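Dear colleague,

Please find below the structure that I am handing over to you. My notes on what was found in it follow directly after.

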Amino acid sequence: VPDIFTIESASASQGTYTINGNTVVLNVGTLNPSITATLTIVAKVRGDVQPPVNAMNTANVYYSGGGRRSVSSPIRITGGVLPRTGEHP
């Protein structure tokens, strides 16, 4: 998770996870065919972050068949107030 965030919590539908700073590691064990595992991470933008800010979130998957799969997603933090909560993004 990019360092502009603070991890609030995590949960996993299968397996175990660990949080070390902004790195979350999920060990799902064996997945049978047609089964999915979901890791949910709740994070909050740090209070000292001044928008606009761009960040990149990257997930890596390591599997017993070899190698690593990686996917990244851009994140854009903009200024303003969230309409329902009144919190600043």
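**Surface and overall make-up**

The chain exposes about 6,700 Å², of which carbon and sulfur atoms supply 51%; accessible areas come from the Shrake-Rupley method with a 1.4 Å probe, and for residues only the protein chains shown count as cover. Please note that this is a predicted model, in which local features need pLDDT of at least 70 and side-chain atom pairs count only at pLDDT 80 or more, while totals for chains, interfaces and linings use all residues. Residues are numbered from 1 along each chain as its sequence is written, and side-chain values use heavy atoms, with hydrogens and water left out.

Of the 89 residues of the chain, 11% count as buried (under 20% relative accessible area; exposed is over 50%, and partly exposed lies in between, with a 1.4 Å probe and protein chains only). The secondary structure comes to zero helices and six strands, where helices (H or I, at least four residues) and strands (E, at least two) are DSSP runs numbered from the N terminus. Contacts (heavy atoms within 4.5 Å) also reach across the sequence: among those with a separation of 6 or more, 42% are between residues 24 or more positions apart.

Strand 2 (residues 16-20) runs antiparallel to strand 3 (residues 23-27), and five bridges join them; two strands pair if DSSP finds at least two bridges between them.

Thr23 belongs to strand 3 and counts as partly exposed, because its relative accessibility is 46%. Its C-alpha lies 9.9 Å from that of Ala59, although 36 residues separate Thr23 and Ala59 in sequence.

**Core and pocket**

The largest nonpolar core has six residues, namely Ile4, Phe5, Val49, Val53, Ala55 and Ile77. Such a core is a set of buried Ala, Val, Leu, Ile, Met, Phe, Trp, Tyr and Cys residues joined through side-chain atoms within 4.5 Å. Leaving aside residues up to four places away in sequence, Phe5 touches Asn22, Ala43, Lys44, Val45, Arg46, Ile75 and Ile77.

The largest pocket holds about 740 Å³ of space. (On a 1 Å grid over the protein atoms alone, a pocket is an open set of points where a 1.4 Å probe fits, with protein on both sides within 12 Å along at least five of seven lines; lining residues have an atom within 4 Å of a point. Grid points are joined across faces, edges and corners, and a volume is the space filled by probe spheres set on the points.) Its lining has 20 residues, with Val24, Leu26, Leu39, Asn60 and Val61 nearest the centre. Strand 5 gives the most to this lining, with six residues.

**Two loops**

In the loop between strand 3 and strand 4, Ser34 has a positive phi near 70 degrees, in a residue other than glycine. Ser34 counts as exposed because its relative accessibility is 80%. Pro52 lies in the loop between strand 4 and strand 5, and a cis peptide bond joins Pro51 and Pro52, with omega about 0 degrees.

Yours sincerely
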